[in-house]
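Welcome, and thank you for taking a look at this protein. Please keep the picture in view while you read, and let us walk through it one region at a time.

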Amino acid sequence: MGQCRAPLLPLLLLGLLGVSHANSCSNTCGTASDGVCNDGGPGSTTSTCDCATDCDDCGVREVCLSPISTAFSSVVLAKYSGAAKIGSNVYFAPSNQDNVGILSLATSTFSSIDLQGSGVTTNKKFDGAVKVGSSHAVFAPHDSPAIGIVDGTNSAFATVPTGLGGSRKFRGAALLGTRVVFAPYHADVVGVFTPTTSAFSTVSTADVGVTANFKYGGAAAPAGGSAVYFAPFRQDNVGVFGVLADGSDGFWTISTLAAGVSMNDKYVGAAAVGDKVYFAPWDEYRVGATAEAAAATRRPTPRRRPR
């Protein structure tokens with residue numbers, strides 16, 4: 001059955017889900033006018049009727065929408081985690097699903113790329129996606145031992161080994177220049193991937209005392225900026241990855257305690273707007289934010305190497 005949503009639903013979402021503007025009322029539902037709203041919209045008791053067909057019981061529905069069918073079993077939970085747009089398609093990073101999901105914006109249809117033969121067979125495969133160049137998307141390895149890569153020109157999937165073991169390694173990805181940076185979740189390193197050479201390297205977080213699990217839950221980099229910012233999940237700091245004065249990669253932190261943010265499970269998700277990065281509240285009751293200027297003042301001086 002189609003579902004109903006309040007008229008303030010963002011227009012972009014409405015376009016993706018297939019919208020009809022009801023603005024009319026009918027009582028063609030088989031149980032209309034029985035004192036029980038059954039059209040599946042806000043305040044309804046059941047969804048046994050189509051949207052805007054139980055007017056006497058539900059009132060006028062201004063907007064009706066029908067979600068796009070994904071054509072896979074609904075029993076698989078935690079299907080995808082992360083998405084990136086390439087051309088007229090949106091590619092979804094698989095978590096427990098054994099395929100890459102593809103949404104065609106042109107036709108509002110859903111398809112997939114089977115991962116069979118890729119060697120990626122775990123659950124919680126990837127967590128985070130970022131567009132690279134004009135035709136590729138890169139997925140952050142969560143439990144997967146390899147980075148996931150989609151080529152949007154032919155909808156092909158490939159992997160690049162990280163050489164890292166363990167689970168829940170990274171959660172979130174951001175593009176910094178030509179490199180993809182992965183936010184450390186359980187891993188005690190920042191992951192750094194160069195798509196042009198398929199090179200993968202790491203930068204330790206342990207050097208500055210960041211070794212706990214559930215570190216950060218998202219990554220973002222201001223356009224043209226010099227650093228990637230990691231949303232603090234259970235860390236009492238924002239993690240920052242950038243290039244130091246000597247050209248080497250470095251990791252440092254910005255405390256959240258001075259802003260009174262100290263609870264567990266603070267933020268999941270990050271977005272760059274101008275020179276600022278905003279963090280989506282998980283359990284925290286305030287939106288988090290930081291700026292390039294703040295990070296620059298805390299950028300560490302490169303350590304002198306022994307002669």
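Predicted model: local features only at pLDDT ≥ 70, side-chain atom pairs only at ≥ 80, totals over all residues.

A charge sits over a ring if NZ of Lys or CZ of Arg is within 6 Å of the ring centre and within 35 degrees of the ring normal.

Let us begin with the whole protein. It has 3 helices and 22 strands. Of its 307 residues, 43% count as buried. Among contacts between residues at least 6 apart in sequence, 45% join residues at least 24 apart.

Now turn to strand β5, which covers residues 89-94 and is mostly covered: 5 of its 6 residues are buried. What does β5 pair with? One partner is strand β4 (residues 80-86), which pairs with β5 in the antiparallel sense over 5 bridges. Within this pairing, A83 has F92 in β5 as its bridge partner. The two strands form a hairpin with 2 residues between them, and G87 in the turn has a positive phi of about 60°. Another partner of β5 is strand β6 (residues 99-104): these two run antiparallel and are joined by 4 bridges. Here V90 stands opposite L103 in β6. β5 and β6 also form a hairpin, with 4 residues between them.

Next, let us visit a loop. N38 lies between β2 (19-20) and α2 (55-58), in the loop that joins them. Is N38 buried or exposed? With a relative accessible area of 6%, N38 is buried, because the cut-off for buried is under 20%. A polar atom of the N38 side chain lies 3.2 Å from the backbone oxygen of V36. Leaving aside neighbours within four places in sequence, N38 is in contact with T31, T46, S47, T48, C49, D54 and C58.

I147 counts as buried because its relative accessibility is 0%. Which residues is I147 in contact with, once its neighbours within four places in sequence are left aside? The list includes F126, V138, F139 and P141, as well as A158, T159, V160 and T162, and also F182, F193 and F200. One of these, A158, is 11 residues from I147 along the chain, and the C-alpha atoms of the two are separated by 8.4 Å.

Let us finish with the aromatic rings. How many aromatic pairs does a search of the whole structure find? The search finds 13. Among them is the tilted pair of F170 and F182, at 5.7 Å centre to centre with 40° between the planes. F170 lies in strand β12 and F182 in strand β13, so the pair ties together parts that are 12 residues apart in sequence. F170 counts as buried because its relative accessibility is 0%, and F182 counts as buried at 0% too.

Another aromatic pair, F233 and W282, is edge-to-face: 6.3 Å centre to centre, with 70° between the planes. This pair links distant parts of the chain, 49 residues apart: F233 is in the loop between β17 (227-232) and β18 (237-243), and W282 is in the loop between β21 (276-281) and β22 (288-291). At 5% relative accessibility, F233 counts as buried. Together with Y185 and F214, F233 and W282 form one aromatic cluster.

Here the opening definition comes into use. The charged end of R171 sits over the ring of F233, 5.5 Å from its centre. R234 lies over the face of F214, at 4.4 Å from the ring centre.

Conventions: Residues numbered from 1 in each chain as written. Heavy atoms only, no water. Buried < 20%, exposed > 50% of the residue type's maximum accessible area, 1.4 Å probe, protein only. Contact = heavy atoms within 4.5 Å. Polar contact = N/O pair within 3.5 Å; in protein donor to acceptor, adjacent residues only side chain to side chain. Phe/Tyr/Trp six-rings, centres within 6.5 Å; stacked < 30°, edge-to-face > 60°. Pairing = 2+ DSSP bridges.
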